[in-house]
Structure formats: structure tokens, C-alpha cells
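Here is a protein model to work through in short questions and answers. Have the sequence and the 3D view open.

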Amino acid sequence: MIRRWSIHATVIAAVLLGAVGCGSDDPAPRHRDLYAYGSDHELIVADGTTVLSRTPGQFTSADELRFSRDGKYVVRNEFPGNNDPAGIVAVNVAEPTEVRRLQCGCAEVFPTQLGTIAWQAPDGSIMRADLTAPNPEPTVWRTLPVAFPPEGVRYDFRLLSTDGDRLLFVRTEFRFYDHSYHHELFTIEPDGTTRSLGGIPAGTERFIDAAFSPDGTSIAVSGDAPAPGRNPYRCRRTTLTLVTIGSAGMKTTIPDFENCTTPTKIRWDNPTGASVTIRQRAETEDLTAGQSIRWLSRGGLWFPSGDATVDTTSTATGTELEVDQPTDTLYRTANGTRTELATDITAVAVPQSESP
């Protein structure tokens, strides 16, 4: 178990753009048909059939779209290019003209408590900013445990997910002598202590996504590794791990596909457990090509859904949102009426407390 902590911390400067608005009179998200969705070039926030805001940006299909835990902000990573550092776009739900942009150099942004967000800085430290503050200033919130690998071994740490102020990390141990990977999951608890969840069974080389269950007792983690007998740079296979916190329960599954596969979004959105979207393609196809299939977990096992839906969620009022292949079309179903909203959608989200 990891116990000792680094005392070194470096604050990363942040650039904040846009007007400041409090949004304190915004009705509670649980009473609204609130949701957000996005393409590679736009972030949209809506309440029922009313579009509240449209924010242009430079996003990628891998970027998640998330509400702050108080439901008052929508956040997403942005990658401007031209050697500019990666940033965060934060849209105030109640004040559509308030759009803040923070430079972070980060790969992903996560909601923590209320209106705060966190991310992993390039130096490994965990930064946090309070979006509800008049002038939010990113500060170092957590530093990673000190770990001294033996000779011929490299350690890498990655923030995978959050559950309020609880953080989920993976420590990857890469052994140069046999080019093997070994992984350990651990949490940093709200009081700052660390808790080991155990080693991931063999079969995963890198991690893609992770999510806590709504009750915080389980975690679903997706990753991949080179497919046996294939070009390791062009063909990989998906690995899925389910973790039961507080027990020895950890199981890794490798879905059986003939083609190369890549996992994307993990959700806890069905009565039996988590779901994950897996894109499959031929080794000869472009890396962004292929068809996506949604897999559902049940009793520790994973099964293909058998439909065209690759992402789904529901708002506080019971409105269903789903993204379907082959054109990544977003549909909204309310009161028995299904309406097409947009195509080429890469992300959809509702306030966290309202997710199924």
C-alpha cells in the first residue's frame, strides 16, 4: 500500500476569460429537464426543448462532457492546437454569456464537490478550482504518493475518476527488461489518505476510462492492450475490469471480438450495472473508423446490447437521451415522443445527481 507523500507542489498558472456571474438563483437541477451535449466544435446546454447556450470550441471525440456536482456548470476539455496548452471550458448554466477558459495542460477534467473541478497537472499534482468563486484560482489540492521504483522500472500515475472528493488513480509499473506492465488501483480519500484496491489482473497495458457506481461501492475500468498476433500499433483489444471496494472482488474481462477494439465511455446506466461503448474495426482500417457496440455488465460478466445505441442517459424529469450509430445521432424521448436533436455528437451528459 502507498503511504508516504511528496511535499513538493507546483501551482500552474491559469488564464480565466469571460464575464463572472453567480447563477445562485438557478433552480435546483433535480427540478429541470437539464442536459448538455457536444460535437467536435460545439458545446450545447439545454433545458427540455430550449437551448440555453451554444459554446464554440476545439474538442475531440474522446473528450468527456460533465456537469459540476451542483449542476450549475458544464465542463469539457479543449485542445486549441498550434502548440497551445490543453484547456478547460466551463459554461455557467444560468448565465449563458459566462464562459470561462482555464489553461491546464491536462488530458481530462473531473467534478469534485459542489462547484469545484479537478485535474491532473503535467507535473502529476492534482489541481482544483472553485467555479462558484468570483475569481476562481486553481491551486494544488493533492500531491501523489512518493514511490521509488527499483532499477529498470518506471512508475506512472494517472487520475482515472472522482466520486465527490474521493479520487481514483492507477499506478502503472513498466518493466524495461521484459516490456511488461503491472497496475495497482488506489484511491485518495477526502481526508487525504490513500487506500490500495489491489493489482489489476494481467492483460491491460493502458487505461481509457473509469467510473464509480452511483452508491460509490464499485468501480468499472476500461483499458486495452495489443491484440495477440497483430500489429501492436494498429490493432488493440479491449479489457474491462470491475472492482468491488472493500472486498477482494476484482475481475478483468476481455470481450471476444474478431477485429481490433477500443473502449470509450463507461456509464452506470442500466439496472444490472455498468455499460461501456466498444468500437471495433479491421486492422487495415483507419484508426478512427469502425462500428461501435454498447456492452452491458450483469453479474460480473459483459454482454453486447444488440442495438445501435452507443451512449444513453436520462434527465431528472425522465427524458431519455441516446446517441445512435451510424451517424452518432442524438435523440431525445419525452412523453413517448422521440425527436432527433443533432448528428455527429461525441458526448452527452446530465447533472451527476440525476443520472440513473
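**Overall picture**

Of the 356 residues of the protein, 53% count as buried; buried means under 20% relative accessible area, exposed over 50% and partly exposed in between (1.4 Å probe, protein chains only). The model is predicted: local features need pLDDT of at least 70, side-chain atom pairs count only at pLDDT 80 or more, and totals for chains, interfaces and linings use all residues. Residues are numbered from 1 along each chain as its sequence is written, and side-chain values use heavy atoms, with hydrogens and water left out.

Q: How many helices and how many strands are there in the protein?
A: Helices (H or I, at least four residues) and strands (E, at least two) are DSSP runs, numbered from the N terminus. On that basis the protein has 0 helices and 28 strands.

Q: Among contacts between residues at least 6 apart in sequence, what percentage join residues at least 24 apart?
A: Contact means heavy atoms within 4.5 Å. Among contacts between residues at least 6 apart, the share that joins residues at least 24 apart is 45%.

Q: Which residue of β2 is the bridge partner of tyrosine 37?
A: Two strands pair if DSSP finds at least two bridges between them. Strand β1 (residues 34-38) and β2 pair in the antiparallel sense over 5 bridges. They form a hairpin with 3 residues between them. In β2, the partner of tyrosine 37 is isoleucine 44.

Q: Which glycine takes a positive phi in the hairpin of β2 and β3?
A: β2 and strand β3 (residues 50-56) are antiparallel and pair over 6 bridges. Valine 45 has serine 53 as its bridge partner in β3. The hairpin has 2 residues between the strands, and the residue with a positive phi, near 65°, is glycine 48.

Q: Why is strand β2 largely enclosed by the rest of the structure?
A: Strand β2 covers residues 42-47. It is largely enclosed because of its buried residues, which number 5 of the 6.

**Asparagine 77**

Q: Which backbone nitrogen lies 2.9 Å from a polar atom of the side chain of asparagine 77?
A: Asparagine 77 is in strand β5 (residues 73-78) and is buried, with a relative accessible area of 3%. A polar contact is a pair of N or O atoms within 3.5 Å; within protein, one must be able to donate a hydrogen and the other to accept it, and residues adjacent in sequence count only if both atoms are side-chain atoms. The backbone nitrogen of glutamate 108 lies 3.5 Å from a polar atom of this side chain. The nitrogen at 2.9 Å belongs to valine 109.

Q: What separates the C-alpha atoms of asparagine 77 and valine 109?
A: Leaving aside neighbours within four places in sequence, asparagine 77 is in contact with residues including Phe59, Cys104, Cys106 and Val109. Asparagine 77 and valine 109 are 32 residues apart along the chain, and their C-alpha atoms are separated by 6.5 Å.

Q: Which residue has its backbone nitrogen reached by the side chain of serine 297?
A: Serine 297 is in strand β22 (residues 291-298). Its relative accessible area is 4%, so serine 297 is buried. At 2.7 Å, its side chain reaches the backbone nitrogen of alanine 274.

Q: Is glycine 273 buried or exposed?
A: Glycine 273 is found in strand β21. Not counting residues up to four places away in sequence, glycine 273 touches Arg267, Trp268 and Ser297. At 11% relative accessibility, glycine 273 counts as buried.

**Backbone geometry**

Q: What is the relative accessible area of asparagine 335?
A: Asparagine 335 is in the loop between β26 and β27 (337-342). Its phi is positive, near 55°. Asparagine 335 is exposed, with a relative accessible area of 83%.
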